[in-house]
Amino acid sequence: MCGIHYCRNWLKKLLRVLLPKVQVLKVDEAREEIQRNHSSCRAKDVTMPAKLPVSFFSTRSPVIDLFRGQLDYADHLRQDSEIVLYFFYAPWCGQSIAAREEIEHVASRLSDQVLFVAVNCWWNQGKCRKQKHFFYFPVIHLYHRSFGPIEYKGPMSAVYIEKFVRRVMTPLLYISSRSKLLDFLSNYEPGVLGYFEFNASPQPPGYLTFFTSALHSLKKDYLGTIRFGVITDKHVAEEISLVHSGSVYLHRHVNTSLIYPNDIMNYTAENICKWALENREVLIRWLRPHGGKSLLLNNELKKGPALLIFIPYNPLAEINPLLDEITKVALEYHNCNKSRAAEPDLQHLGDTDSPAFDSSVPDAHTKLSETFSITKSPCCNTVVLPQWHSISRTHNVCELCINQTLGVKPNKVHVPHCNFFEIEAALDSFYLQEHTFFQVISNTIECSNFLSFYSPFSYYTACCRTVNRHFLSFISSEKTIFQTPKVTFSSHGKKDDAQHSIPHIEDRNCFIPDLHSSGTNFTGLSCRTNKTLNLYLLDSNLFWIYAERLGASRSTHLKEFAAIVDLKEEVHYVLDQNQSLVGSTLENFIKNFSILYSPLKRHLVDDPSVHLHDQHVITEVTTNTFHRTVFLSEKNVLLLYYAQWCGFCASLNHIFIQLARLLPPDNFIVARIDITRNDLPWEFMTDRLPTILFFPYQRKEQSVKFPEDLSVNLPNLLKFILYHSSFSSSEPCTKECLHKETVLQQGHISHLQREIEKLRSEITALHQAHAQLEAQLSEARREEHRLQQQKHTLEKQHKTLQLHSEQLQATYNQKNQELLAMAEKLQELADASENLLKENTLLRILVASREGKLQSQDEIKEPLHSEQTLSEDNSEVSTATDTLEEKRIDNIDTTETEHSSGNRTE
């Protein structure tokens, strides 16, 4: 009994201690479960290893492909080769893929002399990716033995890459004869020559330095515009005044050639290269835009007017006649002394019978320059006089020539030059008396001499005549007013505008045949004009898209094109593509641009994307259709200037559509032009958008601008059009004219009356629709008010239900916790009752065994002893029975207590 009571008390104490800990453990488990669920909801970081690279070049390619970026192995290969080309690529790069075929083509031609190695510089585990940090792909590096890298930045074309590789292979040209020297100096590119005596030593002093300077020039100038040569013969070196071995000579066509100053600068490869780059003479320059975001063209065009010449060019071709002809034009253009004395070396070398050039004579250049006689051609300029009447169909063209040798003879022979101030003064003086030529309409050449008021020793001659503006019919008839068999004109513009072209300098001889000797001298023109051109060459095989943007024909098969771009004046001129691109054509094109009053016509940019449709209410006008739509049409024209980005222009579209429907289409045209995509003559350009111009019929030259202070609406536009279209012509009108005008006005009035009736009926219908809409709107407003009230009521109910829901949720959570606690206690009681049942069974077994023992003892012992033993056993049994009864009573009490406490909890 004591043991049972002790066990019961111990169990009660244990329950009091363990219950709080069990609750804490359950809370911790619930918290861990929540954290596991939260972590499973987040996106996990997944790292996928990169795929192994594969070969970029084919196995049969002559290019060694290190597609795992083995840069160390590439360096090992370079040690055994003289010339190595590295092609660093990224497998995903489209430009690398496009250049792969070009590299293979070059490698197939030069693999026996050059080692071609391709390295994948994108794989993250390769050494190339870790050591090289390229910002673009592909990258081409060349090594000449231990010198390098020399990066190639030119076009990714096989011919250009091969040309550059060959320049790296042979950076020096060896000149051993006079003919080779002449060929070297005749090239338009700057040339640097070094003289070294190889008789005493296979490597003379300074030769390796000069050789390295040639490689340095390729490293700094990937275009290779400076050529380096080595003279090995002493007599050939004396032709260019090189006497001492190790001397370096920089050849220049126009300016004086230079010899490297050894006493001022150290004789190093870097200094020689720097000296050559700083003092080189660039007559004509190649432009090779790489096609990406670049400021190359912008920076060059900012330097001044530029002549862009597009020609098909093959860098590997040994002979290029067109390039040679353009080079001669550039040389003549920059030859400012206007004589051939600027090339004494070439003249002397070209004559095989002449003695060697004596470098000891200091004034040899001066003597050569004085051997040329004075040119008797004065400075001339073509002047186109303005029209004396707006409706005149004629132009007065004058040839203005200045004679500078009157009164004072030069004291010694020298080359005369055209003075800009002299020709400016002659033009000013000529324009003061130009009214005498305005109204002269004659088939003969009128010539007059005038004394310049700026200089009493100078005079000018002006020969003028009248020329019809309709040159197309003038040319087709072949009946020239000057009795010439054929007249050639250069329109420099669109074929549609040929009838408005002006005679150019190249046409001067046709108009004034007696003044052939008075033509403008092209030699040295760059030094005699304030509009000096920078000459540029572009390969039309690569950059023809730029020519098309400048105005080249898209359908031409011969990709030759020339244009002058003046960024400051915002104009550019195009050489007529019907003329062949030869030296004389370029000279005339340059002379037309260089004169004071240039007859060149500004090229107008046209929008080719516009397609005309007759069914459109508003006519879309372009550069090509402007003259035909506005001036040649027998209708009144209302023109709107707009742009795609102009928001105010877009807001006027519906007004102009209504206006086009109101006006009779037989007498009026409503049109518009996108001024940002179409150029017009300067007198028709505008700097404000939107702008509205009205061109009345038979008075197109009297165009009127819509007032800016008026709002652009339909009534104001109608008043503006009707007011300016009702003006009569300046000529007196006859009765027939008045009758026609009256009929026309009556037709306009009847048309407007019909349109007014239509508008009134439309207004009535609109009023009815307005009343219906008002009724519908009032009903909608009432419905909206009712819905607003329902919305407020529902919101209040929602808030109340939300509060009740929160309270029920709190109660539910509390009851749930209490039920969990009761379940735990009931489980503990069930466990305790099971233990008690087990103990009760054990006690019964013990009592039964005890009774068996007592019975056996009773049979052996005497009856007395049996009676005594029986009495003692009865007492023990009673004691055990009492103990069991007490235990049952305690269990019953405990159960009743638990039930009562559970009832109280409920």
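Reply: We shall go through a strand, its neighbours, a loop residue, and then the rings. Please keep in mind that this is a predicted model.

Me: Is strand β3 (residues 115-120) enclosed or open, and how many of its residues are buried?

Reply: Burial is read from the relative accessible area, and a residue under 20% counts as buried. In β3, six of the six residues are buried, so the strand is largely enclosed by the rest of the structure. Each face may also be considered separately: L115, V117 and V119 are buried on one side, and F116, A118 and N120 are buried on the other.

Me: Which strands pair with β3, and in what sense?

Reply: Pairing is read from the bridges between two strands. Strand β1 (residues 64-66) runs parallel to β3 and is joined to it by three bridges; within this pairing, D65 stands opposite A118. Strand β2 (residues 83-89) is also parallel to β3, with six bridges between the two. Here Y86 has V117 of β3 as its bridge partner.

Me: What is the handedness of the unit that β2 and β3 make with helix α3?

Reply: Handedness describes the path from one strand over the helix to the next. With helix α3 (residues 94-110), β2 and β3 make a β-α-β unit that is right-handed.

Me: Where is N320 found, and is this residue buried or exposed?

Reply: N320 is in the loop between β12 (306-311) and α11 (321-334). Its relative accessible area is 15%, and N320 is therefore buried. Leaving aside residues up to four places away in sequence, N320 touches P312 and Y313.

Me: How many aromatic pairs does the structure hold, and how is the geometry of one read?

Reply: The geometry is read from the distance between ring centres and the angle between planes, where over 60 degrees counts as edge-to-face. The structure holds 33 aromatic pairs. One of them joins F134 and F137, with 6.1 Å centre to centre and 75 degrees between the planes, an edge-to-face arrangement. F134 is partly exposed at 23% relative accessible area, whereas F137 is buried at 10%. F198 and Y207 form another edge-to-face pair, at 5.2 Å and 80 degrees.

Me: Which residues do ring pairs link into a cluster?

Reply: The cluster consists of Y86, F88, W92, W122, F134, F137 and Y143.

Me: Which charged residues lie over rings?

Reply: Such a contact is read from the position of the charged end relative to the ring centre. Among the cases here, the charged end of K219 sits over the ring of F147, 5.8 Å from its centre. R227 lies over the face of F184, at 4.0 Å from the ring centre.

Methods
Residues are numbered from 1 along each chain as its sequence is written. This is a predicted model: local features need pLDDT of at least 70, side-chain atom pairs count only at pLDDT 80 or more; totals for chains, interfaces and linings use all residues. Side-chain values use heavy atoms; hydrogens and water are left out. Helices (H or I, at least four residues) and strands (E, at least two) are DSSP runs, numbered from the N terminus. Buried means under 20% relative accessible area, exposed over 50%, partly exposed in between (1.4 Å probe, protein chains only). Contact means heavy atoms within 4.5 Å. Rings of Phe, Tyr and Trp (its six-membered ring) pair if their centres lie within 6.5 Å; planes under 30 degrees apart count as stacked, over 60 as edge-to-face and the rest as tilted. A charge sits over a ring if NZ of Lys or CZ of Arg is within 6 Å of the ring centre and within 35 degrees of the ring normal.
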